[in-house]
Number of protein chains: 2
Amino acid sequence: MAAMARAATTSDVFNAIAEPQRREILVLLRAGERPVTELAQELGMTQPGASKHLRVLREVGLVRDRKAGKQRLYGLDARGLRPVHEWTGGFERFWNESFDRLDAYVQDLKQARQEE
Amino acid sequence: MAAMARAATTSDVFNAIAEPQRREILVLLRAGERPVTELAQELGMTQPGASKHLRVLREVGLVRDRKAGKQRLYGLDARGLRPVHEWTGGFERFWNESFDRLDAYVQDLKQARQEE
DNA sequence: TTGACGCATGCCGTTATGGGTATACGATGG
DNA sequence: CCATCGTATACCCATAACGGCATGCGTCAA
């Protein structure tokens with residue numbers, strides 16, 4: 001097995017939300033549960049297309065589905081987005097500070113490393 | 001031009017950070033500028049591999065490069081991560097609150113955590 | 001039971017991706 | 001000028017990703 005193309009989107013939230021349409025689905029679901037067809041229609045995609053995106057989102061745990069008679073309602077489960085929020089938050093000081101102070105901060109880190 | 005595979009990683013920060021190794025590069029760069037070879041070594045990848053990831057990061061604006069003699073130093077520019085942080089932040093209330101149709105599954109998890 | 005509806009899946013084709021290896025290129029040192 | 005170092009690129013391979021279309025499957029209504 002020589003060359004992997006990319007980590008499977010199926011196993012990684014970062015990857016799951018890399019797809020713009022999947023992000024749109026998540027945004028729509030903030031307003032409440034929806035059946036597949038409705039999502040597909042609102043986002044201008046085919047029903048199979050929506051189903052596939054929803055599957056990815058389900059497999060990383062960002063949505064859950066519930067059978068409601070003939071329909072299947074998809075609902076948001078945003079807990080998986082928290083790690084992403086926190087990871088990016090780890091860079092917050094780098095966009096909140098001026099680059100001068102940033103440089104100083106970097107110098108501090110360099111110093112610290114050298115003294116270890 | 002029938003089937004596009006995916007939005008180019010080149011044009012989208014969400015996509016750029018979907019790659020675990022690229023995330024590692026960004027984390028490393030928080031400690032300061034580094035030449036390609038050093039990054040490659042610290043992350044256990046080949047130099048061309050590192051260069052390619054850095055190129056993607058550069059094209060979405062997450063890193064900047066600066067020539068320093070024979071070397072080329074890469075530095076972090078985390079401003080592009082802010083939109084990601086804010087986008088995920090838009091879901092914060094969904095992981096901090098319990099809301100109507102979130103079923104017993106979620107409740108169970110909360111219970112479990114409180115009892116730890 | 002039969003049809004219609006709602007949705008998931010399978011298959012196909014195209015494109016992008018990541019890794020590896022070899023190589024081209026710019027800068028520096030002799 | 002020539003050799004070398006540091007880096008970027010080109011090329012190739014294998015695979016995963018998306019989209020479209022057709023179809024399968026379960027559910028509800030008549």
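Reader: Which residue is the bridge partner of Asp65(A) in S3(A)?
Author: Tyr74(A). Strands here are DSSP runs (E) of at least two residues, and helices are runs of H or I of at least four, numbered from the N terminus.

Reader: What is this model, and how is it numbered?
Author: It is a predicted model: local features need pLDDT of at least 70, side-chain atom pairs count only at pLDDT 80 or more, and totals for chains, interfaces and linings use all residues. Residues are numbered from 1 along each chain as its sequence is written, chains are lettered from A and ligands numbered from 1 in the order written, and side-chain values use heavy atoms, without hydrogens and water.

Reader: How many bridges join S2(A) to S3(A)?
Author: 6, and the two strands run antiparallel. Strands pair if DSSP finds at least two bridges between them.

Reader: What order do the strands of the sheet take?
Author: S1-S3-S2 in chain A, an open antiparallel sheet of 3 strands. S1 (34-35) and S2 are the edge strands, each pairing on one side only.

Reader: Which helix packs on that sheet?
Author: H2 (residues 20-29) of chain A. It touches S1, S2 and S3 of chain A, where contact means heavy atoms within 4.5 Å.

Reader: Switching to Arg64(A): why does it count as buried?
Author: Because its relative accessibility is 18%. Buried means under 20% relative accessible area, exposed over 50%, partly exposed in between (1.4 Å probe, protein chains only).

Reader: Where is Arg64(A)?
Author: In strand S2 (residues 63-68) of chain A. Arg64(A) and Leu76(A) are 12 residues apart in sequence and 6.5 Å apart in space, C-alpha to C-alpha.

Technical notes. Axes are lines fitted to C-alpha atoms, for helices over the stretch in contact, and angles run from 0 to 180 degrees between N-to-C directions.
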